[in-house]
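Biologist: Hi! Could you walk me through this structure when you have a minute?

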Amino acid sequence: MAASSDYTPPKVWTWDKESGGRFANINRPIAGPTHEKELPVGRHPLQLYSLGTPNGVKVTVMLEELLAAGHTGAEYDAWLIKIREGEQFGSGFVAVNPNSKIPALLDRTGPKPIRVFESGAILLHLAEKFGAFLPKEGGARAECLSWLFWQMGSAPYLGGGFGHFYAYAPSKMEYPIDRFAMEVKRQLDVLDRRLAESEYVAGPEYTIADMAIWPWYGALAKGWVYDAAEFLSVHEYKNVQRWTDAVFARPAVKRGRMVNRTTGDPSEQLHERHEASDFETKTQDKLAAAG
Ligand SMILES: N[C@@H](CCC(=O)N[C@@H](CS)C(=O)NCC(=O)O)C(=O)O
């Protein structure tokens, strides 16, 4: 393995140049807002500020599943946050998520708005609020939360580790690609073994654990992210493949995947969602046809 490097870290790291690679323009070593900008507020109790990335899709799938299950209180406005243009650093967004990352939710149901950030916390907030997609007690609840937190701890190795070095870094480096490919394949095997014994990740029922895991590992299994399906031999994980297809067959998952999506087929991009009918009338193909 080529392990040589001509880089010796200095005594103290300083931010004097862009790191290189895709998304380098939004990376910086400080938090807080870069500019003043209020967030828009729509008429529904739930205001979502997001983008159709795997972390964003978790929440739009949950909201569409809640509505499909008859929870009318889950009506929501989904606003687009263009992270490549730095909109996550606007003052209004930072007030809802001090970590400046999508998704962020403002729950305006009660007298005082409640902010919720981190996709796992948003799924849990909504599951508890509506009493849905999370077993009520005991071992079933613990199993669901364990897999939810497994996803939150594992996906950074997939996205920030493997995806970054395999697809986004300015050059291909064997050491980090090897290190993170090994870890991601181990994670796929964890899931595959679990799904050999269980229909859904947390048990016989579809839960927020599936909603958290599917946008990352289902997308990987389908070859939708990082163009890595062949490299990681994802077809070998048969149980992951079976589960990926079962989750994708759900109409609410198909809808949730369209919300705040800015890439791919225009008929599957609904940049903002304010009404259920927007799926029929406001996708990018329909807006273009309407002039
Ligand atoms: N742990 C966070 C991760 C969120 C996250 O990484 N969001 C990305 C898009 S998927 C983002 O907003 N990146 C913008 C940035 O890093 O400035 C969660 O699950 O909500």
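Biologist: Thanks! Is F231 buried, partly exposed or exposed?

Modeller: F231 is partly exposed, at 42% relative accessibility. Buried means under 20% relative accessible area, exposed over 50%, and partly exposed in between, with a 1.4 Å probe and protein chains only. Before we go on: this is a predicted model, where local features need pLDDT of at least 70, side-chain atom pairs count only at pLDDT 80 or more, and totals for chains, interfaces and linings use all residues. Residues are numbered from 1 along each chain as its sequence is written, and side-chain values use heavy atoms, with hydrogens and water left out.

Biologist: Got it. Which residue forms a stacked aromatic pair with F231?

Modeller: Y166 does, at 4.6 Å centre to centre and 25° between the planes. Rings of Phe, Tyr and Trp (its six-membered ring) pair if their centres lie within 6.5 Å; planes under 30 degrees apart count as stacked, over 60 as edge-to-face and the rest as tilted. Y166 sits in helix 4 and F231 in the loop between helix 6 and helix 7 (238-248), 65 residues apart. Helices (H or I, at least four residues) and strands (E, at least two) are DSSP runs, numbered from the N terminus.

Biologist: And is Y166 buried or exposed?

Modeller: Y166 is buried, with 18% relative accessible area. Ring pairs also link Y166 and F231 with F162, Y168 and Y226 into a cluster.

Biologist: How many aromatic pairs are there in the structure?

Modeller: There are 14. Another of them is W214 with F248, which counts as stacked because the ring centres are 5.7 Å apart and the planes are at 20°. W214 belongs to helix 6 and F248 to helix 7, 34 residues apart. W214 is buried at 2% relative accessible area, while F248 is partly exposed at 21%.

Biologist: Switching topic: how much space lies in the largest pocket?

Modeller: About 1800 Å³. On a 1 Å grid over the protein atoms alone, a pocket is an open set of points where a 1.4 Å probe fits, with protein on both sides within 12 Å along at least five of seven lines; lining residues have an atom within 4 Å of a point. Grid points are joined across faces, edges and corners, and the volume is the space filled by probe spheres set on the points.

Biologist: What about the core, which residues have the most contacts inside the largest one?

Modeller: M62, L126, F162, I208, Y217, L220 and W243, in a nonpolar core of 67 residues. Such a core is a set of buried Ala, Val, Leu, Ile, Met, Phe, Trp, Tyr and Cys residues joined through side-chain atoms within 4.5 Å. Helix 6 supplies the largest share, 11 residues.

Biologist: Last one: where is there a cis peptide bond?

Modeller: Between I102 and P103, with omega about 0°. P103 is in the loop between helix 2 (91-96) and strand 3 (104-107). On the backbone side, Y226 has a positive phi near 65° though it is not a glycine. Y226 is buried, at 13% relative accessibility.
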